[in-house]
Amino acid sequence: MEEQSFQQLERLVEEITGYKFKNPDLLHQAFTHPSVPQNWASNDRMEYLGDSILGLMIAKEHYFAYPDLSSEDLTDLRSVNVDTEKLARAAIKYNLQDHLRCQIHLFKEQVEEFRSATLEYPLNSLGCINPPKVLADIVEALIGAIYIDCNFSIDITWQLCQKNKLKIHMVDNWDKTGEFECFVDGKSVAKGKSSQNKDTARNRAAYNAYELVIENLLMKTPVKDH
């Protein structure tokens, strides 16, 4: 039964990312929680690696996409582009948790509670939801596993996570309207407004656009007009 589930996982990951693992043991490890008796290595260290790789990939993308932003602004932008809730939403979108080997008390109940909460907050809860961290860990561990399997290539890992290359452009209307407008692939997807602070308006636009952007980074959902 477990072997059949793992084969389904291999097909699912290949469908999502377009990548076929050369070493399936890495994929197995990415979906093995530390709560499981250590017949297999757990995803604990792999999640740590994936978290760092994801942060680096997004930092690199922002560095070249926004040449006029200061390091402080880039740090703020990165912080709203990677958080536990967004990654947990990515996990449940494709039911990745169904393939996780774990022995976590009430894990299924926690997942269903989170899934129900996302229906109430379809884009972002702004802290009103407490997502199970283990869901985000699955996504980060998967990124770490791909990174190792493709011989530590940041570029290959980024392409697989992103699949559809997104062109992100921020339009500065702050002097006129107090707003920034975020375009993805030429389509307006979000605005951010703050009449008091320009940086706040920019960060709000990036934050509001994030849900659409992360789905394109980790999945293959088309961006819709705002």
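Predicted model: local features only at pLDDT ≥ 70, side-chain atom pairs only at ≥ 80, totals over all residues.
User: Where do K133 and D137 lie?

Analyst: Both residues belong to helix 7, four residues apart, which is about one turn of the helix. Helices are DSSP runs of H or I with at least four residues, strands are runs of E with at least two, and both are numbered from the N terminus. Salt bridges that share partners join E47, K133 and D137 into one network.

User: Is D137 buried or exposed?

Analyst: The terms rest on relative accessible area: buried means under 20%, exposed over 50%, and partly exposed in between, computed with a 1.4 Å probe on protein chains only. D137 has a relative accessible area of 12% and is therefore buried. K133, at 47%, counts as partly exposed.

User: How many salt bridges does a search of the whole structure find?

Analyst: The search finds seven salt bridges. Among them is the pair of E112 and R115, at 3.6 Å from N to O. These two residues are three apart in helix 6, so about one helical turn separates them. E112 is partly exposed at 42% relative accessible area, and R115 is likewise partly exposed at 24%.

User: Which parts of the chain does the pair of D149 and K22 link?

Analyst: The side chains of D149 and K22 meet in a salt bridge at 3.9 Å, N to O. This pair links distant parts of the chain: D149 is in helix 7 and K22 is in the loop between helix 1 and helix 2, 127 residues apart. D149 counts as buried at 4% relative accessibility, whereas K22 is exposed at 58%.

User: What is the order of elements in the protein chain?

Analyst: The chain holds ten helices and three strands. From the N terminus on, they run α-α-α-α-α-α-α-α-β-α-β-β-α. Of its 226 residues, 49% are buried.

User: Which residues have the most contacts inside the largest nonpolar core?

Analyst: In soluble globular proteins, nonpolar side chains tend to be buried together. A nonpolar core is defined as a set of buried Ala, Val, Leu, Ile, Met, Phe, Trp, Tyr and Cys residues joined through side-chain atoms within 4.5 Å. The largest one has 42 residues, and those with the most contacts inside it are F21, L27, F31, L96 and L135. Helices 1, 2, 3, 5, 6 and 7 each supply at least two residues of this core. Helix 7 gives the largest share, eleven residues. Apart from this core lies another, of 14 residues, including Y66, L74, F180 and A205.

User: With which residues is F31 in contact, leaving aside its neighbours within four places in sequence?

Analyst: Contact means heavy atoms within 4.5 Å. On that basis F31 is in contact with L9, L96, H99, L100, R101, I138 and L142. Across the protein chain, among contacts between residues at least 6 apart in sequence, 59% join residues at least 24 apart.

User: Which residues of helix 4 are buried, and how are they arranged?

Analyst: The buried residues of helix 4, which spans residues 71–81, are D73, L74, L77, V80 and N81. Seen down the helix axis, they fall within an arc of 130°, so they line one face of helix 4. The arc is taken over the directions from the helix axis to the C-beta atoms. The face turned away from the buried side carries the exposed residues S71 and E72.

User: How many disulfides are counted?

Analyst: A disulfide is a covalent bond between the sulfur atoms of two cysteines. The rule applied is a pair of cysteine sulfur atoms within 2.5 Å, and the count comes to zero. C150 counts as buried at 7% relative accessibility, and C182 counts as buried at 2%.

Technical notes
Residues numbered from 1 in each chain as written. Heavy atoms only, no water. Salt bridge = Lys/Arg side-chain N within 4 Å of Asp/Glu carboxyl O.
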